[in-house]
Amino acid sequence: SRIPRIVILGAGYGGIVTAIRLQKHLNYNEADVTLVNKHDYHYITTHLHMPAAGTDNPENSRVNISRLIDEFKVDFVKSTVMQIKPIEKKIILEDSTLSYDYLVVGLGGEPETFGIPGLQEHAMNIRSINSVRLIREHIEYQFAKYKGEPDRLDYLTFIVGGAGFTGIEFVGELADRIPNLCKKYDVDQKLVKIFSIEAAPNAMPGFDPELVEYATNVLTNKGVVFKLGTAIKECTAAGVELATGEFVKTTTVIWTGGIRGNHMLDQAGFATMRGRVKVDSFLRTTEYENVYVVGDCSIVMNPEGKPYPPSGQIATQQGETCAYNLIAAIRNTPPKEFKYINKGTVASLGKREAVGMVGTRKVKGNKAALLKKLVDMRYLYIIGGIPLVIRKGRF
Ligand code: FAD
């Protein structure tokens, strides 16, 4: 009979781990595996706050897919996915069409703007190498422009919308970068403002309150001004209007307030919540048992029936189970239920500062920062072994 065809969409955390596991465990000629991704590189999304703020080179946050994939075992197609057609079992790419027997969707998330007017048009997002290069260049350009227009303090005002993990990690890096930028452009540091604006009453909603307090104190000492319990009402080219009525003039808004699943999942007719597909215990869609969804595009419920927050950690673990279940489906052996094991959560607060929870243990300060490095290196090890840890690890 014909060799089954597996197509994986997206080479992010979920997709790349699925592909790597398949290439390791599938026997010769057991399946045809095709991996599709927009770029010919994988990006280490969990590092992106650093190149976005300019504290690290964007090159350190990406790896060529050819270094991760064995081209004799997995076909890599560099293309943009335009449409998923689950009834026809076809994928429309920008330049061709693929058909599949089994599909894995790992296209990642998209910014959730909650319908706030102007965010789509005027805010930037930390989500890819291209987007962080833009943020980094934009920030430097504001400093350069300010020198010619010294009454324009809005050039030196930076607004980060959303104080979740991504927003917090980014303001920590940005606060670290400001002294260097002030020196480079001869700008008085007292004129620079960083606002972290969050609609919820606290930063890092849902995280341990003692660690949240520690984190906000560290960042406040670095010069970050928090506006908590304050929703952004509108974003314009001139600045942001807050729910309090206050208008903050700025030419830089970075939105980290939330993510939703890729819009193509809605379009394909899957039942979604905020664009994300609630998968069954084997990571399949409820509509099609040959379609698997991993990473930010999927929702997995915890034992209490609440969705786990999207993370690189869960995406990686899903990739492992997804590959196992694809092989089981092909071999007609029993699949494995997906069980998320939380190995701990650490948020960086810039240089030598972080907060984290490992099981019920709280860690903070330099110790947590070291832990963060270990977690990052562990991921590099999973996808690329020791050589990748040495090349891309941030020691
Ligand atoms: P992604 O990693 O988002 O990858 C999706 C892939 O699909 C990309 O390669 C993209 O190019 C490709 N793609 C998208 N659209 C198309 C298309 N139309 N056609 C072809 N290809 C396409 N999580 C943690 O667990 N710990 C952390 O410390 C952490 N820190 C973070 C810090 C920052 C600054 C950010 C932004 C996120 C952080 N996260 C962290 C979250 C984590 O990065 C994501 O949850 C994770 O990347 C999701 O993986 P994914 O497989 O769903 O997709």
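User: What should I know before I start?

Analyst: Residues are numbered from 1 along each chain as its sequence is written. The model is predicted, so local features need pLDDT of at least 70 and side-chain atom pairs pLDDT 80 or more, while totals for chains, interfaces and linings use all residues.

User: Which residues does the annotation "domain: FAD/NAD(P)-binding" cover?

Analyst: UniProt positions follow the numbering used here, with shortened feature names, and annotations may be inferred rather than shown by experiment. In the unreviewed UniProt entry, this one spans residues 5-319. That stretch is 30% helix and 26% strand, where helices (H or I, at least four residues) and strands (E, at least two) are DSSP runs numbered from the N terminus.

User: In what order do the three strands of the open sheet lie?

Analyst: Strands of a sheet pair through backbone hydrogen bonds, either parallel or antiparallel. Here the order is S19-S20-S22, with mixed pairing; two strands pair if DSSP finds at least two bridges between them. Strands S19 (272-273) and S22 (298-299) are the edges, each pairing on one side only. S20 (residues 276-278) runs parallel to S22 over two bridges, and valine 277 stands opposite serine 298.

User: How many residues surround the ligand?

Analyst: A residue is near a molecule if its C-beta atom, placed from the backbone, lies within 6 Å of it. The count is 32, and the closest are Gly10, Gly12, Gly108, Gly295 and Ser311.

User: Why does the ligand lie between domain 1 and domain 2?

Analyst: Domain bounds come from an automatic or database assignment. Domain 1 (5-111 + 259-343 + 374-392) and domain 2 (119-255) both give residues to the shell, so the ligand lies between them.
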